[in-house]
Amino acid sequence: MNDTGRSLPGWLPGFLRRRLEGSGSLRRVAGNAGWMLFDKAMRMGIGFLVTVWITRYLGPEQFGLFSYAVAFVSLFAAVANLGLYGIVVRDFVRSPGERDAILGTALFLKTVAGLVAFALAVGAIALLRPGDQQMLLLVTIAAAGLIFQAGEAFDFWFQSQLRSRITVLGNLPGFVIITAVKVGLILWGAPLEAFAWAAVVETLLGAIGLAAAYHVTAGGLGSLRVRGGWVKSLLRDSWPLVFGGLMLMVFSRIDQVMLGQMLGGRAVGVYAAAVKVAEFWYFVPLFTLNSLLPTIVEARAGSSEEYQRRLQQMTDAIAVIAYCFMVPLAVAAGPIATLLYGEAYAGAGPILGIYVLSSVFVMMGHVREYWVAAENIAMFSLVATAVGAVLNVALNLVLIPAFGAVGAAWATLAAIVVSGYLINACHSRTRMIFVIQSRALLLRDLFRLLRGGEARG
């Protein structure tokens with residue numbers, strides 16, 4: 001029996017068990033989400049602790065160089081990703097008989113895109129920082145991971161089938177091996193470049209694991225094929241999301257790149273340490289979103305009332321989760337940063353207190369992106385993220401010289417609020433998602449749900 005047919009865990013509350021037992025769709029979502037939660041909790045729990053140890057070991061200057069390289073490469077990740085996740089999952093749901101052609105085409109496109117992104121990243125850093133051989137090496141290593149991200153195409157299939165158990169088991173060996181390697185590198189006093197290589201090898205092992213899992217569970221790799229019709233279809237639907245993803249990376253990571261250019265590695269190290277804490281819990285809402293995406297696509301084909309109701313419930317849940325993490329982190333930012341990283345990173349506290357306020361808008365922005373994929377209005381995503389990127393760059397140019405890394409945190413917060421929320425009110429077609437987000441921000445339906453009532457769509 002596959003993972004979606006297993007009995008529900010006994011630790012679930014009674015009322016939730018009754019709701020799930022009455023709905024096969026919800027049971028599948030719950031089972032899928034449970035595996036995703038296990039995977040992300042393990043990765044973010046163990047991975048976060050190891051990252052904290054690495055951050056302490058390297059110190060602000062070296063960690064800043066590493067963070068700069070990763071942030072710089074991430075600017076090209078949108079090219080490697082091709083914006084395919086939501087689109088490929090959608091097409092798997094809509095055209096299950098075309099699985100081999102869709103997956104083979106997606107794998108091909110992501111491989112080519114990864115090679116292009118690698119070349120762009122290496123060429124760009126050579127032009128931007130000529131003569132900086134250490135940074136050229138770090139970016140070259142980090143950018144190699146963009147090529148191996150093509151293996152994510154197999155995960156698209158498992159997500160469309162709500163079979164995250166297979167994804168978890170495919171990725172687990174690589175994660176365990178590289179986690180042990182990272183600990184060994186710290187104990188052996190390894191240089192900075194070794195940690196960059198470890199991250200790339202983890203991506204490679206994950207791709208191999210996913211391919212092997214697909215081969216074993218879904219009928220083999222030999223039947224995959226590239227079809228010209230699907231190449232055109234996927235590129236036609238995804239190209240706006242590529243530019244949207246690029247803009248997203250610009251306004252979410254350009255702060256670290258600009259800090260590195262304007263203030264140096266130490267400022268990036270302190271800032272990046274704060275960002276790690278602010279974002280470490282993002283897996284909690286994201287695993288829920290990934291599990292619910294296929295059900296949203298299905299609801300889109302049904303009644304508009306049910307579709308809007310599911311969107312509202314999803315956004316409400318995301319907002320509640322965000323508040324539960326955001327408020328404590330904002331209140332205790334200083335002590336948390338010092339406890340985790342030591343006095344060398346004491347300046348991360350004020351940055352964390354500001355940056356974490358963007359969490360709820362980031363999460364609701366993810367809901368909007370899935371809604372955009374279901375509605376097939378990717379152009380709006382491009383416009384929204386472009387506005388956020390331009391705003392973030394402009395604000396960073398003003399605020400970093402005046403306030404340093406704290407100014408960069410304010411710039412990012414403002415850009416996320418505008419591009420992920422406020423801009424949705426500016427067009428009649430997107431006003432629905434703005435209303436849904438506003439209700440979620442105000443926790444309008446929370447008490448009704450706690451009383452066991454049905455929130456109105």
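In which helix is the place of Leu 120?

Modeller: This is a predicted model. Leu 120 sits in helix α5, which covers residues 99-128. Its relative accessibility is 43%, so Leu 120 counts as partly exposed. On the surface, Leu 120 belongs to a nonpolar patch with Phe 108, Val 112, Val 116 and Val 226, and together these residues have about 400 Å² of accessible area.

Lys 182 is a case on the buried side. This lysine lies in helix α8, residues 164-187. Because buried means under 20% relative accessible area, Lys 182 at 18% counts as buried. Apart from neighbours within four places in sequence, Lys 182 is in contact with Val 50, Ile 54, Phe 195, Ala 198 and Glu 202.

Tyr 345 is also buried, with a relative accessible area of 1%. Tyr 345 is found in the loop between α14 (333-341) and α15 (348-355). With neighbours within four places in sequence left aside, the contacts of Tyr 345 are Thr 55, Gly 59, Pro 60, Phe 63, Gly 269, Val 270 and Ala 273. Its side chain reaches the backbone oxygen of Gly 59 at 3.1 Å. Pro 60 is 285 residues from Tyr 345 in sequence, yet their C-alpha atoms are 7.0 Å apart in space.

Helix α13, residues 304-331, has several buried residues, among them Tyr 307, Gln 312, Asp 316 and Leu 329. At 1.5 Å a residue, its 28 residues should span 40 Å, and the end C-alpha atoms of α13 are 40 Å apart, which agrees.

Definitions and conventions: Residues numbered from 1 in each chain as written. Predicted model: local features only at pLDDT ≥ 70, side-chain atom pairs only at ≥ 80, totals over all residues. Heavy atoms only, no water. Patch = residues over 30% accessible without salt bridge, like charges linked within 9 Å, V, L, I, M, F, W, Y side chains within 5 Å. Areas by Shrake-Rupley, 256 points an atom, 1.4 Å probe, with all protein chains shown as cover. Salt bridge = Lys/Arg side-chain N within 4 Å of Asp/Glu carboxyl O. Helix = DSSP H or I, 4+ residues; strand = E, 2+ residues; numbered from the N terminus. Buried < 20%, exposed > 50% of the residue type's maximum accessible area, 1.4 Å probe, protein only. Contact = heavy atoms within 4.5 Å. Expected span 1.5 Å × (residues − 1). Polar contact = N/O pair within 3.5 Å; in protein donor to acceptor, adjacent residues only side chain to side chain.
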